[in-house]
Amino acid sequence: MKIETAPNGRLTLRLTGEIDHHSAAAMRKTADAALIRFRPRELVLDFSDVSFMDSSGVGFVMGRSKRAAAFDCKTAVCGLKERDRRIMKLSGLESLVAFYTDERKETT
Amino acid sequence: MKKLNEMKLTIPSRSVNEGFARSAVAAFTALADPTVEELGDLKTAVSEAVTNCIVHAYRDTCGRIKIDAALYEGGIIKVRIKDFGCGIADIEKAMTALYTTAGEERSGLGFTVMESFTDKLQVRSAPGRGTTVTLTKYLNRKDAK
């Protein structure tokens, strides 16, 4: 995972590799540590470099967006592949999290 | 239905095997010349089924997961994922989208994803006697999902 911060209070987490129940545990730790450390105003989860995900990816987004919301930080997801987007849609997450089609949407 | 090819695999329910199991099924399925799309769909469905065995069937214990896949004439692939864990008391409830007993990091979408990404999903289970999930996918068909 690559962590990028911007002066406007945005924290971008660029997820890499495969997201399943096994790999999600470590990703969760890294992401939550970054959330606590940077306390961003906006969290962007970038899936551009994710080569595979199952519903564990949905759980990951749900969990992080909840934690972020606890200190009024909005969550956005971008860079999803077609199948991953279909999985996300099954969850009804759209009401909680902003989804962007392009890779790195400017979300001011 | 004539069986053209088959494979069997037994693995312990360790989470590191989730990736191995879906890749093994994908490698077997690749022999039948599926589209990238079909292969990806099946991989995702297998990942969900195996994860269920690890997260639910065996919870904090470790048990055996048996996976067998078979290719039939006409491009029909069947993958059976079997565990000998706790079993499911209410299958209908377990299959309900967003329902989970595993806490807030699990989305409760496992069965929903399996249903969406295959052509047929069969679940057989009894408390204390384990669960068998059978995924069927039609390859190279225009009417396939």
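**View 1. A salt bridge joins Lys137(B) and Asp41(B).** The nitrogen and oxygen atoms of these two side chains come to 3.2 Å from each other; a salt bridge here is a side-chain nitrogen of Lys or Arg within 4 Å of a carboxyl oxygen of Asp or Glu. Distant parts of the chain are linked by the pair, since Lys137(B) belongs to strand β5 (residues 131-138) of chain B and Asp41(B) to helix α2 of chain B, 96 residues apart. Helices (H or I, at least four residues) and strands (E, at least two) are DSSP runs, numbered from the N terminus. Lys137(B) has a relative accessibility of 1% and therefore counts as buried. Asp41(B), at 3%, counts as buried as well. Buried means under 20% relative accessible area, exposed over 50%, and partly exposed in between (1.4 Å probe, protein chains only).

The structure is a predicted model, in which local features need pLDDT of at least 70 and side-chain atom pairs count only at pLDDT 80 or more, while totals for chains, interfaces and linings use all residues. Residues are numbered from 1 along each chain as its sequence is written, chains are lettered from A and ligands numbered from 1 in the order in which they are written, and side-chain values use heavy atoms, with hydrogens and water left out.

**View 2. Chain B meets chain A across an interface.** In this interface, 27 residues of chain B are in contact (heavy atoms within 4.5 Å) with 22 residues of chain A. About 2,100 Å² is buried between the two chains, and carbon and sulfur atoms give 50% of this area. Buried area is the accessible area (1.4 Å probe) that two parts lose on being put together, summed over both. Arg22(B), Glu104(B) and Glu105(B) supply 27% of the area that chain B buries against chain A, more than any other three residues. The rule finds seven salt bridges across this interface. One of them joins Arg22(B) to Asp20(A), with the closest N and O atoms 2.9 Å apart. On the side of chain B that touches chain A, the elements giving two or more residues are α1 (17-30), α2 (36-57) and α4 (110-117) of chain B. The most is given by α2(B), with eleven residues.

**View 3. Arg64(A) and Glu105(B) form a salt bridge between the chains.** The N to O distance in this salt bridge is 2.7 Å. Arg64(A) stands in helix α2 of chain A, whereas Glu105(B) stands in the loop between α3 (91-95) and α4 of chain B. Both Arg64(A) and Glu105(B) are buried. The two residues also belong to a network of salt bridges that links Arg28(A), Asp32(A), Arg64(A), Arg67(A) and Glu105(B).

**View 4. Helix α2 of chain A comprises residues 55-69.** This helix of 15 residues reaches 21 Å from its first C-alpha to its last, close to the 21 Å expected at 1.5 Å a residue; the expected span is 1.5 Å times one less than the number of residues. Eleven of the 15 residues are buried, so α2(A) is largely enclosed by the rest of the structure. At the start of the helix, a side-chain oxygen of Asp54(A) reaches to within 2.8 Å of the backbone nitrogen of Ser56(A). Ser65(A), also found in this helix, counts as buried at 8% relative accessibility. The side chain of Ser65(A) reaches the backbone oxygen of Met62(A) at 3.0 Å. Apart from residues up to four places away in sequence, Ser65(A) touches Thr75(A) and Val97(A).

**View 5. Asp46(A) and Arg14(A) are joined by a salt bridge.** The closest N and O atoms of this pair are 4.0 Å apart. Asp46(A) lies in strand β3 of chain A and Arg14(A) in strand β2 (residues 10-19) of chain A, so the pair ties together parts that are 32 residues apart in sequence. Asp46(A) counts as buried at 1% relative accessibility, and Arg14(A) is buried with a relative accessible area of 15%.

**View 6. Arg39(A) has a positive phi although it is not a glycine.** The phi value of Arg39(A) is about 40°. This residue is found in the loop between α1 (21-38) and β3 (42-53) of chain A, and at 56% relative accessibility Arg39(A) counts as exposed.

Conventions:
A polar contact is a pair of N or O atoms within 3.5 Å; within protein, one must be able to donate a hydrogen and the other to accept it, and residues adjacent in sequence count only if both atoms are side-chain atoms.
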